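Please have a look at the sequence and the structure before I go on.

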Amino acid sequence: MRQGRDQQENDRDGHNQFEVMLPTRTCSHRRRASLVMAEDAKQMDGPDEATACFVHSLIAGEGLASAKITNVQVSKDRSKLEADIVNEPNALDIVVDDDERGKTDKRSKSPQSEVESRHLTRKQLSDMAWNVRNLSKKLGSIRLKLNVKTIFLVTKAGDDSVIESTRRLTRWLLSEARGTQYVIYVENRLQVDPEFDYEGLLKEVSSVEDRLKFWDTKLASEQAHLFDLVLTLGGDGTVLYTSWLFQHIVPPVLSFALGSLGFLTKFDFSDYGNILNSVFNDGVLVSLRLRFECTVMRSNPHPRETPTSKKQRDLVEELIGDEPDGDLSHRPDGVVHILNDVVVDRGPNPTMSSIELFGGDEHFTTLQADGVCISTPTGSTAYNMAAGGSLTHPDNPVILITAICAHTLSFRPIILPDTVVLRVGVPYDARTSSWASFDGRQRAELLPGDYLTVSASRYPFANVLHPENGGDDWMRSLSKTLNWNTRQRQKAMK
């Protein structure tokens, strides 16, 4: 029986995860100290079969404009799209070339074969960014019919009042009245939570034991392709935690507002029944939110290097100067995908940080400050705003750089295109180390000589939009949540 269930899971019709793929291309450019040589660069032969989704096919079918598609599904062979053609405006036509249909799928399932964003050439990174922008624009005008069988629930941590809501939602989804036998995953801590009352659910609903399962962080990161839809119950922090759980492909995320902030949580939980029925029956509107891929790069020591001789090394020269073949100055030490921002600051050190800032193959400046915040458009209303940075609509394909208490009057916040690869390093002669914080969830110390790369991620965050407001409620969120430009109206002259 177990083998049969496993085979059934592997043979499911399609997955709803979002990932951006690039065509195979010979790398002709090598970024300084990026560990990629032109002659041995990793190639992208295609998506992992376990992560295959209709977004891959959407990107593969770029080029034809007019349209009448509202229901998009993936065929069993995952080589083309199946769609319901209807006479509706604001729809998109998506076609897969015949050449693509005839290809044999020889994709590797090993995560080691994935190419990270910092390995991409300038051309590849630009193509990837354009694909995300173009696809996101199209997805905002069509309803995608999700083939939902397995649902992943994320509950706000530390708030017992949300657990009761999670239980109600779980029981509703497991009810035989739904028609579809959904498999529901909830966090493993709820299995023993008296408020959730797992044993009581076993008695209330038949076949719960087979369809109610529990997830941990390892399952979310390694088996993300199992889930067709993610439901979050909490605030924006819960959505950020969801992004943290899914470090690679991200299933579509529908967020119920049960927290303090509301930039990412657009759905009223009191009406969850009607909302989910509409999602299952009518489809969803999806916005692809830009995420960053951040890689910590550690300095490789020179032979017979001493603390004194190490301070004589020049980080600027190592990152943009000439480098002898085979003599790599740095090595990678962990990759993180973030939705909000990465902050490099002084940490517990009493003195300000000294930070080198690079863009592509250019040294931008040396920053002396408490730190620097590098934000996505989604994170522009978070630390970036508090540090004096610009507010940016989440659809803008940009990178925001804002200094934190800079020791100059002239460092102003800047906005760069998402095709730039940033590098933020600590010079070898810096007095102290710096600390990097990723979406406020993890911190890593950057010693003198270490640096951090920040680039657009191949794995955007698939955010389900409210069907009535779509993506046009960002300004309303500013006014509602932050009281943006709120003041008493000036009286008219009499």
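Let me start with F269, which counts as buried because its relative accessibility is 4%, where buried means under 20% relative accessible area, exposed over 50% and partly exposed in between, with a 1.4 Å probe and protein chains only. Please keep in mind that this is a predicted model, in which local features need pLDDT of at least 70, side-chain atom pairs count only at pLDDT 80 or more, and totals for chains, interfaces and linings use all residues. Residues are numbered from 1 along each chain as its sequence is written, and side-chain values use heavy atoms, with hydrogens and water left out.

F256 is likewise buried, at 0% relative accessibility.

Now to the ring pairs, for which the rings of Phe, Tyr and Trp (its six-membered ring) must have centres within 6.5 Å, with planes under 30 degrees apart called stacked, over 60 edge-to-face and the rest tilted. The count by this rule is eleven aromatic pairs. In one of them, F256 and F269 have ring centres 5.6 Å apart and planes at 90°, so this pair is edge-to-face. Ring pairs also link F152, Y185, W215, F227 and F246 into a cluster.

Finally, which residues lie over the faces of W172 and F358? R178 lies over W172, 3.9 Å from the ring centre, and R423 lies over F358, at 5.8 Å; the rule asks for NZ of Lys or CZ of Arg within 6 Å of the ring centre and within 35 degrees of the ring normal.
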